[in-house]
Amino acid sequence: MLEELQELKADATSALEKTTNLRELDEWRVQYLGRKGHLTSILRRLGSMSFEERRAVGAAANEVKFELEEALRAREGSLKERELAESLERTSIDVTLPGYPVALGRLHPVTRAIKEICEIFASMGFQVVEGPEVEWDYYNFEALNIPQDHPARDMWDTFWIDTPEDEHQLMLLRTHTSPMQIRLMEQTRPPVRAVVPGKVYRYEATDATHESMFHQIEGLAVDQGITLGDLKGTLFEFARRLFGSDRKVRFRCDYFPFVEPGVEMAIDCWICRGAGCRLCGHSGWIEILGAGMVHPEVLRRVNYDPDIYTGFAFGLGVERIPMLRYGIDDIRLFFGNDLRFLRQF
Amino acid sequence: MKVSSNWLREYIDITLPLKDLAHRLTMSGTEVDSIEVIGEAWKGISIGEIVAVEPHPNADRLKLVTIDLGKEQATVVCGAPNVRIGEKVPFARVGSQLVDSRTGQTFELRPATIRDVASDGMACSEKELGISESHEGLMILPPAAPVGVPLADYLGDAVLDLEVTPNRPDCLSHIGIAWEVAALTKRHVRLPAVQYPEEGPDINSLISVEIEDPALCRRYCASFIEGIQVGPSPAWMQQRLAACGMRPINNIVDITNYVMLEYGQPLHAFDFPQVGDGKIVVRRAAHGEKLTTLDGVDRTLAPDMLAIADSRIPIALAGVMGGADTEIIDISRTVLLESANFQPASIRRTSTILKLRSEASVRFERGISPDLALPAIRRATQLIVELAGGKAARGIVDVYPGQSEPCTILLTCSAVRGLLGIDMKMEQMVDILTSLGFGCEVTGVAEVKVTVPYWRMDVRQRVDLIEELARTVGYDFIPTTMLSGRLPGQVLNPVVNLRERLRDMMVGCGFQEIISYSLISKDRLNKAFNERGALRVANPLSAEQEYLRTSLFPSLLYHLASNQRHEEAGIRLFELGRIYMEGDGDLPEEREMLNAVLSGSRSPLSWLGEKGEFDFFDAKGVVDTLFERLGVAAQFRPVAHESLHPSSVRDSLHPGRSAEIVIEGTVVGILGETHPRLCEVFDLARQTVALFEIDIEKLLRHVRDGRTYRPVSRFPASSRDLALVLSRTVPVSQVKDIIMSFQLVTDTVVFDIYVGEQIASGKKSLAIRVTYQSPTHTLTDAEVEEVEKAVLARLSEELGATLRS
Ligand SMILES: [Zn+2]
C-alpha cells in the first residue's frame, strides 16, 4: 500500500507538471484528489487492513494528500499568473493609434480678447455693460462734442441708416462705443465705472488693416477727484496685465473732441524692443488705445457739474490685440470665419 | 503738413537734434510720421561754375567743360544741351553716389575716359541727384549759389511730416509749429518783420468790398498791387514749396502758397482787370449760378455755398477754390489779393458737397482766427512787391464784421491739481503759457488770468489750458496713481449674463464660434429666414453690405458652405449676435440670438468607424442639453402646425423635420433641418443641415435659476421594460408625459422604435425602460407591478396603446 501511495504521488506530481491551464488543473484535482479519485480509492481500502497497517498507511496517505494539495495550490498560482500574462498579451494594443475623437468647441479669437480685457477691468471695479449698435447722431456725435460739420467728423466715416422722410433725427451705425458714455451717465449718477464692449462700424474701404465692422471696448470712470494720474495708473495696470509686466507704456497727447486733455497710449514693441521694426511701423511703439479726461462739455450735457466731477474715458480696438499677439496681418480674416484660421486659436 | 526745418529755423532756433525734436512734438500732440532728409546722399557733390566749354576732339555731340570749384578746377566730358559759360551746376566727384538716368538704380561714380579724354567727374541732372525726373539737361543752380560749397549745405533740408489733429489749424503753418517748438525747447519765436512801400493810389479809390452775409464771412481783407511781372518765383521759395509738397507755379501764386504755409492763412490772388467794376461781394450763390474753378471743372453753385462775386457773377468759391476767369496768368499786371475768414461749417459743407478739398478749405473748416487775415495779407503784399515788382496801393481794405474780444480764462493751481493730480508752481505755469504765446496776468496767489493768443482758437476753457500745461511738461511728468474712492453699485444685465452662459455651453458642446457681418446683401437676406422688413444703409460701401440682418442663419449657412469646400469632417458652427428690426419711432430693436448649424459626419474619418451624419436629433440633443443646464422644460411642436413664424422661415425648413421650441406656451426658437431647396440656394455640399435658433431674451423669461436640493433616495430603484404598440401618429412625448405623471416613476427612456412587417401597418412599436423608486422604502415587486398596470391602463385608454405580444 505504501508503495502504491508513493507511486501515486510520483504519478500525480508528474501529471501536475503537465497541466497547462486551470481547466486541466481542475481535471487533475478530480482525478487524484476528488471523491472518486485515486487517493480516495486507496483510502477506501483502508477498512480491510489491520489497525497498525491502517495507522501507517493512513498517516502516509494523509501526508501524500497534504503534499499533493500543496503542489496543487502552487501550480494553481503559477498557472493563474501565466494566464493573466497571456490575457494581457492578448489585449495589448497599438498605442500609436489615434484616440476616439472628442468634439472640441472654440471661442472666436475676438470673443476671447473681449472676455480677457473685460475681466481685467472688472477686477478693477468696472462694470461690463452694452449698448445699441444703431444709434442716433446725437449720441454718436452731437452729445460727444462733435456737432454737425465739425472737422473731427472726418475721424469717423459713417454708415447712415435709411430712415423715413419724416424722421428728423439722423440714425446711424455707431462709429465707436463712445455713445454709451452719454447713455450711461444719463442713466445714473456718479460714481460711474464701466466698460462697454461691442461692434462698431466705419464707412471705409476694407483692406488688410481696415474693416467696415470691428469691435471696440469703451471705458468710463467718473467721480469726484479723478485725475489724469488715475487714467495713467488704470491703463498702465491694464497694459501690464494684458501684455506682461515687462512692457513699457507710453502716454502722449492726442486729440478726441470728447476728452481734454486727450491721450494716446502705446506700448513698446515686443518684437524689436523699441528699436523699430515692421510690426511697430519702425517707431518702436505700438498704439493701443485713445483716452482722455472727459470733456466738461460732455459732462454738462448729462447734467454732471464739471466743477464737482471729473473722469476719464478710453476706447480700444479689440481686433488689434489678437492681431498683434498672434501676428495676424489681415483684419478681414476675423469675419471670413475660415475654420482653418479659427482653429488656430 | 510738411515742415521744412530750414524754413522753420527762420522763426526759431532749433537746439535739439531733429530726431529728439520730432519725439517732443509727437509726445505733445503733433505726431511726426517721418523725417525726410533731402540731400542725404549728396556726398562729394558740390556747386561749380562753368568757366570754359570746348569741343571734344573725337565726338561732335560731346563737349569738354571746365568747371570752377573755387579751390580747384575740373574738366568733364559732357553731352548736355544746356552747357553755357557762367552757369552754376552741381558737380559730382569720383566716388559720389548718383542715380542712373536710364535704370533709376544708384551707382558709384568711377573714373572714366570718354572717347580718349579723361573726365574728372560729372555735372549732374536733377534726375541723377534724385531730386526729380528731369533729365533734359544739367541742373542749373541760381546765380547766387556759392561756388565750392557742398550741394547739401545749399539745397539740403530735413522735412518733418506732421500729422496735425483737426483742432490745431495753427499747426498747419511754420510759424504755428515754431510756437510749439518754442514752448517745448524754451526758446523764443522770431516773427517776420513786414514793411513795404505803399506807392500806389489809395486802395479805397480802386476796389470796394461788401460782405452780404457776415455770419459766413467774418472778415475780408484785400490789397492791390499794380505793375507786377509774373514769372518764376525765386529758387529759395521754389525749394521750400517743393520741400513742403507744393508745386511751384508762378511768383504770385507761389507767394500766396508760401504765406499760407508760413502763417496758416489761405490767400487768393485775382487778376484785377477780370474783377467786374473792381468790386468784391461776398454772398451766397444764387440758385444755379455757374463757376469754372481753377481745376477746370464747371460747377453749379447752390444758395448754401458762399461765393466771392464781382459786381455781376461769382469769381471764386469762398475758401475752397478760385475761378478760372480771374486766374493769374503770365500777362497779368495787376493783382487783387484776398485774405479772408469764412465760417468753418459752411466751407466744410461746400467742399463736401463738391468733393473738393483744398489746402485752403482744410484750414478754413478747422477754424482759423480772423485776426490772422491782416498780418498774412501784409506779408504776402510785401513779398509781391519785393519779388514781382509793382507798386502796392496805399492801405488795405479790411471789412471785419466778426470782430470779437480776445478770450480770457481764469486758471487756478487747484484746478490744475484737480485734473492732473500734480502741484504745478504758478511760475512754471506762466512760463509755459507765455512761451506758447498766451498772455498771463497773475491775479492772486494761486490764480492767473490768461489771454489766449488769437491763433489758438482751440483754447476756449480751463481744461484746454490745463492740457497745454500737461502736454508741454509731458505726460511722463504726471504721476501714475490708482483709482480710489467709491465703487458704483453693480447692475447685472441678465440677457448678457445668459448669453455668456450659452456661449460657454455651446463651446462645451463642441461648436466653433463665428462672428459674421451685421450688414449683408439683399440677395443673401432674401435667400432664407428673412423675417420682416430689414433696415437699409443709406450709403452702403457695396451691395454686399447693404442691409442689417434680420436672422443669423443666412451668414451661418454661407460660412458653413464655404468651409465645407475644404473640411472633410462634420462642421458645428454657432454665432451669438444681434438681429435688427425696425422699431416704432424709436431706435430699431436689437435682439440677441443664438444660432447654430451642424452638417456632415458626426465623427471625423477614423479607424474607430463611422457614426453617421448630423441630423435633427443632434441639434435637438444640443438644445436639450442647454435647457437641462438652465432648468428649462421645453416642448417641441412641428413648425408647419399653426405656426407663429412667417412663411419665409417655414419655407426654409424641412416641413416634416422641424419644430418650434415652446416654453410655457411661448415660442422661444426653432429647431430642425433645412429645406432641401436651400442646398442649392447656399451652394451647400451636403443635403442635410441641422440647425436651431434661440431668442435669448425670450428664453431668459423662463430660466429659473433657483434650484432646491432633493436628497438622493437611499432605497434601490428598479427598472422594467415595456414594449408598446400604438398608432404611428402618436408623439412619443405624450407617452412619456403619461408615464412620468405617476409618482413612483423617476425616469423613462425610449430605447427602441420599430415600424415594419412585424406589426400592423399604421402602428409603431416602442420599447421603453421605466425606472421606479420610492424616497421612503424599497419597492416590492407587487408595488411596481401595480404601478405598471395603472400606467398601461392609462396608455391604453388615452393613446390606444397595447402591450406588444
Ligand atoms: Zn518693432
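## Zinc site

The zinc ion sits in a tetrahedral site, with angles of 103 to 115° among its four donor atoms. Four donors count as tetrahedral if all angles lie between 85 and 135 degrees. For comparison, ideal angles at a metal are 109.5 degrees for four tetrahedral donors. The protein donors are A:Cys269 (SG), A:Cys272 (SG), A:Cys277 (SG) and A:Cys280 (SG), at 2.2 to 2.3 Å from the zinc ion. Donors are N, O and S atoms within 2.8 Å of the metal (3.2 Å for Na, K and Ca), and water is not among the atoms, so sites may look incomplete.

Along the chain, the donors of the zinc ion have the spacing C-x2-C-x4-C-x2-C. A:Cys269 has a relative accessible area of 0% and is buried; A:Cys272, at 16%, also counts as buried. Buried means under 20% relative accessible area, exposed over 50%, and partly exposed in between (1.4 Å probe, protein chains only).

## Basis of the model

This is a predicted model, in which local features need pLDDT of at least 70 and side-chain atom pairs count only at pLDDT 80 or more, while totals for chains, interfaces and linings use all residues. Residues are numbered from 1 along each chain as its sequence is written, chains are lettered from A and ligands numbered from 1 in the order in which they are written, and side-chain values use heavy atoms, with hydrogens and water left out.

## Domains of chain A

Chain A is divided into domain 1 (2–90) and domain 2 (109–342), with bounds that come from an automatic or database domain assignment. Taken over C-alpha atoms, the centres of domain 1 and domain 2 of chain A are 91 Å apart.

## Salt bridges

Over all chains, the structure holds 72 salt bridges. A salt bridge is a side-chain nitrogen of Lys or Arg within 4 Å of a carboxyl oxygen of Asp or Glu. In chain A, A:Asp26 pairs with A:Arg29, the closest N and O atoms being 3.1 Å apart. Both lie in helix α2 (residues 22–33), three residues apart, about one turn of the helix. Helices (H or I, at least four residues) and strands (E, at least two) are DSSP runs, numbered from the N terminus. A:Asp26 is partly exposed at 41% relative accessibility, and A:Arg29 is partly exposed at 35%. A second salt bridge joins A:Arg240 and A:Glu237, with 3.5 Å between the closest N and O atoms. These two are also three residues apart, in helix α8 (residues 228–243). A:Arg240 is partly exposed at 29%, whereas A:Glu237 is buried at 16%.

In chain B, B:Glu592 and B:Arg578 form a salt bridge of 3.1 Å, N to O. This pair links distant parts of the chain, 14 residues apart: B:Glu592 is in strand β32 (residues 589–599) and B:Arg578 in strand β31 (residues 571–581). B:Glu592 is buried at 9%, and B:Arg578 is buried at 10%. Both belong to one network of salt bridges that share partners, including A:Lys115, A:Glu130, B:Arg499 and B:Glu590.

## Nonpolar cores

A nonpolar core is a set of buried Ala, Val, Leu, Ile, Met, Phe, Trp, Tyr and Cys residues joined through side-chain atoms within 4.5 Å. The largest has 146 residues, of which A:Phe238, B:Leu411 and B:Phe529 touch the most other members. Leaving out residues up to four places away in sequence, A:Phe238 touches A:Ile117, A:Ile120, A:Phe121, A:Met124, A:Met265, A:Leu289 and A:Leu316, where contact means heavy atoms within 4.5 Å.

Key. Four donors count as tetrahedral if all angles lie between 85 and 135 degrees; four count as square planar and six as octahedral if opposite donors are over 155 degrees apart and all others between 65 and 115; anything else is irregular.
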